[in-house]
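Please consider the following points while viewing the structure.

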Amino acid sequence: MVLFAGSAPAMGAASDGQEELLVNGTFAAGSDSWWTNAGMAPDTSGGELCVDVPDVADPWGAILGQNDIALQPGSEYVLTFTARADRPATIRPIVQPAEYAPGDPYLATDARLGVAPVTATYTFVTPDEELPVANQVQFQLGGEGAYEVCFDDVSLVGPPYAHVPDTGPSVKVNQLGYLPDGPKNATVVTAATTAQPWVLKSGSGQVLAGGDTTPRGNDPSSGETVHTVDFSAYTQEAHDVRLTVGGETSHPFDIDAQLYQGLRADAMRLFYTNRSGTAIDGSVAGSEYARPAGHLGVLPNQGDDAVPCQEPKEWMDDWTCDYRLDVTGGWYDAGDHGKYVVNGGIATYQLLSAYERTLYAGVVDPDALGDSTLHVPERGNGVPDILDEARWNLEFMLKMQVPAREPLAGMVHHKVHDVEWTGLPLLPSDDPKPRALHRPSTAATLNLAAVAAVGARLWEETDPQFARELLRASRRAYAAAEAHPDLFAPDEDGDDGGGAYADDEVRDEFYWAAAELFLTTGKVRYARDLKANPLHEADVFSDGFYWGSVAALGRMDLATVPSGLPDRDRVRRSVVEGADRLVALQSGEAFGQTFTPADGRYPWGSNSSMLNNQVVIATAFDLTGDPAYADSVLEGLDYLLGRNVLGTSYVTGYGTDDARNQHSRWYAHSLDPSLPNPPTGSVAGGPNSSIQDPISSAWLEGCLPQWCYVDDIRAWAVNEITINWNSALAWVASFVADVSAQRAVTERR
Ligand code: 9MR
């Protein structure tokens, strides 16, 4: 149906569940949210959007469009716009799946424009089948010679996409399963106020165990009334089992001592496939992950081999540099192509720490993290693969250090990334934007000092030369940070092309760096610095650790890595006490989470907050041998693997209903079917009360913490993959794999 002139609904006057789905259709915000091709430069100064259309052969040679429109299947929509041209011309209004998810258009028609403005209205119905996550409106303008066209009041009205999460069975379990001799707990969402009978059954329906639930009342993290089930008393191996409560049956799971052996290696897959500056070998990573090297300077890439410093900005206090650095290599941070020292640093550190733990924790199989245990190209080189992987980023971090004789020599650039944000999907090798080095920061400098110091002791035997290089860089960085203790990375530096990783509190970085330098060198001066730092005696565990708060890392290493630290016993006790507080909070959580934020809100990457607390609790196990700590870590993993209100396993490839559409420019399968999902073992950031991205803010408004998540690639605030979140998973997965191996041995005795 086509109606011209006068019948357009007023902008924003949608009713009866109808909503305006286009952003900035009146061009009040300039050309925001609209895109053009063919080098066209829209002009919105007159209140309309006017653009000179070039003389191109095809209609699609010149397009004005808007992306990321979510539509409901089988629903009626109305597209309206007012347009004029400086001479008669025919344009093609189209509504269709986004261009990277090709499919039939829902609407494709011609509109004849003249010098007088016409208002056109089209009604169409979407097909009655699942639609792609992203759709777009396009005005194809080409094939008509050169002319000028002006648009105003562009509107698409219809039912907004209504997000109704499929939360699966109300009996929430760890969808991977449980260890035979580990804790076995489930959570049931139910209105029942009294205890309910539960029964555990095998795949063939045989009853294995039974009992009564424990009512837990209202759970604040989900807003639901819940019961818990403890079936730990059942200790046999069993596969394909289910738990039934009140007529609802859980997803199937296994009870198996080998459960976590695969996750140990899978959690480290993401690092290789996130490597920058090298082609990803499909025979190592899996054929769907093969891709050309990114950011080596092969067009359209600009390359990280000679990156200049960023343009001057007001907050920089006159800082600039006139050198260029080769900062090739390293890992891409996340779903973007940026490389950030503080975040790459904590991720590198957690891999090194997972390895170092095996030297002192008395694990039954010290070779479980040895050579040829991971999916990396360095397999068989005689060096533990996890060290090979960590080295890939450590070498990049060394390249970020300011060269000698420059004013900030020894300091470390905070980050390198594109000068503007790019869209999705985009392979690293297809990124056309220039890259820039950002101002050095005290936080990045101390981060390198800490991580390189750890590396110096871990490579001492296998590569003494590399170890010396690391120690030199670490000491240089530490000295430079002492000379520039307050060069902070500001929030303002997170607007264009990359995240800020802002940090203006660096006592914790000083503490961490001094701790690692002390452990590696034994030098008294670092012990003095530790003692002088108020964090040495503070509670560094209650608020959790993450890239911006790292004192806990220093404290844990001082507790576990042998040294002559005078107050080492006190330090060891402090870690156990920190873990005790976390375990006490966990016992109050009906879903077994190891994270109870004081303000009741879940932060960005809450799944890593859970995992990092598990690292503290696991360290208490290593220090005491008390199995209750290992049980706490195991129960904490239940939440991540499906025992949560959404019934989602946040680890790709693990569990019945797993997250797999995490925000990424190249594991972007839901946008481009020829691209893969993230590798198996990738953990999603998870529920984030602040829902900053357009999808989660539109669909999850008012959510209670556990509900603040959607497995949609565009929902970057709740569903990204990131190296520092996977490093936390890798550490914990390695721990539980060791613990299960140890328990299996003890049982055989
Ligand atoms: O993980 C980071 C989180 O702690 C911050 O609050 C957030 C906003 O600055 O940024 C997160 O990190 C993102 C980074 O800025 C860019 N790459 C993707 C990271 C994960 O979302």
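1. In this predicted model, a polar atom in the side chain of E720 lies 2.9 Å from an oxygen atom of the ligand. The protein buries 80% of the 450 Å² that the ligand exposes when taken alone.

2. Two further polar contacts deserve attention. W547 places a polar side-chain atom 3.1 Å from an oxygen atom of the ligand. At D336, an N or O atom of the side chain is 3.2 Å from a nitrogen atom of the ligand.

3. E720, W547 and D336 belong to the set of residues surrounding the ligand, which also holds D333, A334, Y340, G499, Y501, W604, T722 and W725. Sorted by class, this shell comprises six nonpolar residues, two polar residues and three charged residues.

4. The largest nonpolar core contains 155 residues. Within this core, the residues with the most contacts are Y260, L352, L437, Y478, L558 and F735. Helix α6, which spans residues 442-458, supplies the largest share of the core, namely 12 residues.

5. Which residues does Y478 touch, if those up to four places away in sequence are not counted? The partners are L446, A449, F510, A513, A514, L517, R525, Y526 and D529.

6. Another nonpolar core, of 36 residues, lies apart from the largest one. Among its members are L64, I69, V95 and V154.

Key
Residues numbered from 1 in each chain as written. Predicted model: local features only at pLDDT ≥ 70, side-chain atom pairs only at ≥ 80, totals over all residues. Heavy atoms only, no water. Near = heavy atom within 4 Å. Polar contact = N/O pair within 3.5 Å; in protein donor to acceptor, adjacent residues only side chain to side chain. Areas by Shrake-Rupley, 256 points an atom, 1.4 Å probe, with all protein chains shown as cover. Nonpolar A, V, L, I, M, F, W, Y, C, P; charged D, E, K, R; others polar. Core = buried A, V, L, I, M, F, W, Y, C linked by side-chain atoms within 4.5 Å. Buried < 20%, exposed > 50% of the residue type's maximum accessible area, 1.4 Å probe, protein only. Helix = DSSP H or I, 4+ residues; strand = E, 2+ residues; numbered from the N terminus. Contact = heavy atoms within 4.5 Å.
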